[in-house]
Amino acid sequence: METLRISVPTPTKINMETLRVSVPITIFNSSSFTTRKKTFKLNLSSPVHHKPQFNHLLRPKPLSTRLPYLKIKSSANTAHHHRDHHHHHHHHSLGNDCKLTGSQESFIRFTKAIKWYDLANFLREHLQLCCCSALLFIGAAASPYLVPKPAVKSFQHILTLIAFPLVGVSASFDATVDIIGGKINIHVLMALAAFASVFMGNTLEGGLLLAMFNLAHIAEEYFTSRSKVDVMELKENYPEFALVLEVNNRNSPNFSDLTYHEVPVNDLEVGSYILVQAGESVPVDCEVFQGRSTITIEHLTGEVKPVERKVGDCIPGGARNLDGMMIVKAKKTWNESMLSKIVQLTEEAQQRKPQLQRWLDSFGEHYSKAVIILSAAIAFLGPILFKWPFISTSVCRGSVYRALGLMVAASPCALAVAPLAYATAISACARKGILLKGGHVLDALASCNTIAFDKTGTLTTGEFTCKAIEPIHGHVRGGDQKEIASCCAPTCEKEALAVAAAMEKGTTHPIGRAVVDHSAGKDLPSVSIESFENLPGRGLFATISCIESGHGGGEQLKASLGSVDYIASLFKSEGESEKIKEALTSSAYGSDFVHAALSINNEKVTLFHFEDKPRDGAVDVVKGIKDQAKLRVMMLTGDHGSSAMRVANAVGIHEVYCSLKPEDKLNHVTSISRDTGGGLIMVGDGINDAPALAASTVGVVLAQRASATAIAVADVLLLQDNISGVPFCIAKSRQTTSLVKQNVALALFSIFVASFTSVVGFLPLWLTVLLHEGGTLLVCLNSVRALNEPTWSWREDFLHILDSLKSVIMLLRQHGTSQSNIRTAPCR
């Protein structure tokens, strides 16, 4: 059977008579599909648009839902997909993740020949059958109270014979594969206990054990999937294809000629022009080329408010276009776009195991073997030491029965899911636009007692404004050699700005951008850069030529641009160096601004004054970290003291280290961590502070500003361009470590209680399973609490629970009052 699929964009709001649309026609059958492209011309002035038979073609569809047949997988892949998500939570070596041993491959070939393999997969993949088996077993257990005595045994046997294969076939297959592969895990223990019960004549009890085990793992799968729902939602939101416009004769695309073809998102190239319609997602990081629209990035950064984007604005990949139609130009490939990085980093973070989980993985298999040995000891030594019967009697449970209970109760199932809180917390942070590179980051954050902030672009907006240009050294009037503060020629300030703008062209540094922005639209002399060198932590050096007027008159000059200290150090005379520094302190514009100095041939020095404002909310962030998190807060900055103190006083930081080069920041980070004996959090914008971020216990970076190196070395990425997520990260880390400790305590308690009661014979085997799996579910439920807003103390948690209870009671009272009012209302 062949399927024809055509997608055509809506032509509404386009003032033209004819629309040419390039439509890929895909012929799909069970074995292959091919794609052909045709171009149609639609006459928009024709009434054909209003004909019903064309409505389904002209209705816009989100890209994420287009061409659904591409999601179809081969039968092998589909089976593997189901095995990865079935309710057993059992990832044995049938999947692609583990390599099968020769014995396992031989066994699987045998089971395929006798159809055991297919039957096990069929029963495992249908959860309804598991639920039916549980109901049948419960009915069999309750039959003595519901069915006449003579028919009880027969009724139980019939229900058990129907129900047991529904759970026993797949359980026996999974356990056998694991045993042949040399693995002893919870599935093996449960299967051994269940079939041993059947062997001893307790078929109903063995079946109940497997059914409840499966139902408990269905619930466990649900809670585990909740912890990863954000990544799945992100994957569903990104489109598989993009509408790439065809550009003929190097003409720019426009809405009057929309010839396009569908291209897989992975194959998009930088510079491609893409059509994005209302309701669709932007496939990669783009710049708006034509059109205007409102977009939302809430699912990417947590920013709830929709934003308007017009020509020239940047849009991150994955942003949803709420209305209008846009032509955008791809700035990055799919692998480099924001949405791809978010999905990749979040998935990698959930796969990176924290220390507890790594220990549990190595400990679990040895523990399971120890449980089997201990159970065997109970079975064989019980009759000797405690005079128990070997096989159960009507008076006393046998040692074999008690050993089976211990085998089930002592299995480390609850311990294995204790680290689930880490994955849940990572998802909770992702909802807020915060990416953590693994659960180990939460442990590291919780261990830190000091936090250091970079100033520029972190505590401040980083959007510098050039307030003044001031000649401070080497500027003279005509033949008079007396230095003056005012400009010696009408074009002197213009020359300095022209040279600085030429040197900073293409820079990403905030001060460089401010210089370039300040030069825009001004009539400046032409400057040519002959050679260029970037000196990290100091500034820039260049050889320039072609100054139209003023000093030099076209000859090659040496220009240096950077901090005042760097420029002063270039002068060989200590007297001249001191004069430059003194000129800064005696400047008519004061010393509170951020400064940069320009030197030409080490003769003329010009001072640039920049203003940088503290971020909105920075005061609250610092106050919260001090008062709630009780951390030591400091500032590490490369700016001079007066500018640094101005910002520090504005945001409430009292410990300031200024005039630091990148290597100085690195030394401070390492020495503070060593001296305090605790961890240090370094928060920066990712520009010139990558070494400090790498050396800190936890590096936090503003992802929108950061360099690729800073993103690579950072542990936490803040997708929103503010630092409000820092207190949330710290609180979430403490909440998560507390939940993990609670999980371990709950797991150990449930294992001890279930093991003790089963060995002493207080509980039957099926109740032991219920108690054991109940502990596992409690651990899962406790882990899901990591999705809640974090608090700073147990007292706040307790008050929050009280408030919730009060609100529930109030609602119940209001409901009761309304019901009584209805009953007492008089009839008319």
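Lys432, with a relative accessibility of 36%, counts as partly exposed, and in this predicted model Lys432 forms a salt bridge with Glu789 in which the closest N and O atoms are 3.0 Å apart. The pair links distant parts of the chain, since Lys432 lies in the loop between helix 15 (420–431) and strand 13 (434–436) while Glu789 lies in the loop between helix 28 (765–784) and helix 29 (794–824), 357 residues apart.

This contact is one of the 11 salt bridges that the structure holds. Another joins the side chains of Lys332 and Asp285, at 3.8 Å from N to O; here too distant parts of the chain are linked, with Lys332 in the loop between strand 12 (326–330) and helix 11 (338–351) and Asp285 in the loop between strand 6 (273–276) and strand 7, 47 residues apart. Lys332 is partly exposed at 32% relative accessibility, whereas Asp285, at 11%, is buried, because the cut-off for buried is under 20% relative accessible area. A further salt bridge, between Asp627 and Lys623, has its closest N and O atoms 3.0 Å apart, and these two residues lie 4 apart in helix 22 (residues 618–627), so they are separated by about one helical turn.

An open sheet of 6 strands has the order 5-4-6-12-7-10, with antiparallel pairing. Strand 5 (260–264) and strand 10 (314–315) stand at its edges, each with a single partner strand, so one side of each is left without a neighbour in the sheet. Strand 10 pairs with strand 7 (residues 286–290) over 2 bridges in the antiparallel sense, and Glu287 stands opposite Cys314 in strand 10.

Strand 8 (residues 293–296) runs antiparallel to strand 9 (residues 307–309), to which 3 bridges join it, and Ser293 stands opposite Arg309 of strand 9. Strand 8 also pairs in the antiparallel sense with strand 11 (residues 320–323), again over 3 bridges, where Ile295 has Asn321 as its bridge partner.

Among the helices, helix 5 (residues 127–146) has 20 residues that should span 28 Å at 1.5 Å a residue, and its end C-alpha atoms, 27 Å apart, agree with this.

Phe390 lies in the loop between helix 12 (355–385) and helix 13 (399–409), and is partly exposed, with a relative accessible area of 40%.

How values were computed
Residues are numbered from 1 along each chain as its sequence is written. This is a predicted model: local features need pLDDT of at least 70, side-chain atom pairs count only at pLDDT 80 or more; totals for chains, interfaces and linings use all residues. Side-chain values use heavy atoms; hydrogens and water are left out. Buried means under 20% relative accessible area, exposed over 50%, partly exposed in between (1.4 Å probe, protein chains only). Two strands pair if DSSP finds at least two bridges between them. The expected span of a helix is 1.5 Å times one less than its number of residues. A salt bridge is a side-chain nitrogen of Lys or Arg within 4 Å of a carboxyl oxygen of Asp or Glu.
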